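Please consult the sequence and the structure while reading.

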Amino acid sequence: MLKIAPSILAANPLNLQRDCLEAEKYGAYRISVDVMDGHFVPDITFGHNIVAYLNRILNIDIEVHLMVENPSSQLELFLNAGADVLTFHIETSSDVNRLIDYIQSNKKKAGIAINPDTNIENVEKYLEYIDELTVMTVVPGKGGQSLIVDCLDKVKQLRKIKEMNNLGFDIQVDGGVKKDNIKLVNDAGADIAVAGTAIFNSENSIQNNLQALIDALRL
Ligand code: DX5
């Protein structure tokens, strides 16, 4: 079944410890930390120190999504902070193989993310080497956007490539995942879904929000 990774981008930073522990308790597969540098995307968000503190309190993994212009300059900091998965964007990287090798030589998982307007052809040659491929279903840089359904065609295409070539990478979807579309995400063939506002919104508890996503998968 699709695994759910809450994104702390949508969380109240003043309640991060409490909210991440609640997410862990009620079924989160891992925590996703959206790192933004104000260059690749306009906003600035978290640094490696947040990952270090989260790593001390959580048992589940931490995925760091590097929405930064120069991911190679950040890898060592986040690896040392305890990131379990490091995802960088193909749009920012010229030395992709070196980034993959560096992350995996540190015994961590390497992921590549592609923007909505980036085709799979741009990453196909790396699929046999990476641990995860993240299909962005929103334009990176902001939480609370609507899922771009057409991007799920890339998920279906990736699933076919995986199965035809017996490849082991996980397919992650990131952006706009809600209870009314998570079944579409699952049926397209995704393994992991990142969800921010669907989980860390003030209307319901994190427990109820996670359960609503899990229940929607069973419909
Ligand atoms: C965009 C971020 C968001 C976030 C998920 O750059 O990557 O996709 O993780 O946020 P929601 O679930 O609110 O779209």
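Q: In the crossing of α1 past α7, is the hand left-handed or right-handed?
A: This is a predicted model, and α7 in it is the helix of residues 206–217. The axes of α1 and α7 lie 9 Å apart, at an angle of about 40°. The crossing in which α1 passes α7 is right-handed.

Q: Which residues of α7 make the contact with α1?
A: On the side of α1, the contact is made by Asp-19, Glu-22 and Ala-23. Sorted by class, the contact of α1 with α7 has three nonpolar, one polar and two charged residues. The residues that α7 brings to this contact are Ile-206, Gln-207 and Leu-210.

Q: Why are α1 and α2 described as oblique to each other?
A: Helix α1 covers residues 16–25 and helix α2 covers residues 48–57. An angle from 65 to 115 degrees would count as roughly perpendicular, and one under 35 degrees as roughly parallel. The two helices pack at an angle of about 50°. The pair α1 and α2 is therefore oblique.

Q: Which residues of α2 does α1 meet?
A: Helix α1 passes α2 in a right-handed crossing. From α1, the residues taking part are Leu-16, Gln-17, Cys-20, Leu-21 and Glu-24. By class, the contact has six nonpolar, one polar and one charged residues. The partners in α2 are Ile-50, Leu-54 and Ile-57.

Q: What volume does the largest cavity have?
A: A cavity is a space where a 1.4 Å probe fits but cannot get out. The count of cavities of 30 Å³ or more comes to one. The volume of the largest cavity is about 210 Å³.

Q: Which residues lie nearest the centre of the largest cavity?
A: The lining of this cavity consists of 25 residues, divided into eleven nonpolar, ten polar and four charged. Strands β2 (30–36), β3 (61–67) and β8 (192–195) each supply at least two residues of that lining. Nearest the centre of the largest cavity are Leu-9, Lys-142, Gly-143, Asp-174 and Gly-175.

Q: How much space lies in the largest pocket?
A: The residues lining the largest pocket include Lys-178, Lys-179, Glu-203 and Leu-213. By class, the lining divides into three nonpolar, four polar and three charged residues. The space in the largest pocket is about 150 Å³.

Key. Residues are numbered from 1 along each chain as its sequence is written. This is a predicted model: local features need pLDDT of at least 70, side-chain atom pairs count only at pLDDT 80 or more; totals for chains, interfaces and linings use all residues. Side-chain values use heavy atoms; hydrogens and water are left out. Axes are lines fitted to C-alpha atoms, for helices over the stretch in contact, and angles run from 0 to 180 degrees between N-to-C directions. Helices (H or I, at least four residues) and strands (E, at least two) are DSSP runs, numbered from the N terminus. Angles under 35 degrees count as roughly parallel, over 145 as roughly antiparallel, 65 to 115 as roughly perpendicular and the rest as oblique. A crossing is left-handed if the near helix is turned anticlockwise from the far one by less than a right angle, and right-handed if clockwise. Contact means heavy atoms within 4.5 Å. Ala, Val, Leu, Ile, Met, Phe, Trp, Tyr, Cys and Pro count as nonpolar, Asp, Glu, Lys and Arg as charged, and the others, Gly among them, as polar. On a 1 Å grid over the protein atoms alone, a cavity is a set of points where a 1.4 Å probe fits but cannot get out, and a pocket is an open set with protein on both sides within 12 Å along at least five of seven lines; lining residues have an atom within 4 Å of a point. Grid points are joined across faces, edges and corners, and a volume is the space filled by probe spheres set on the points.
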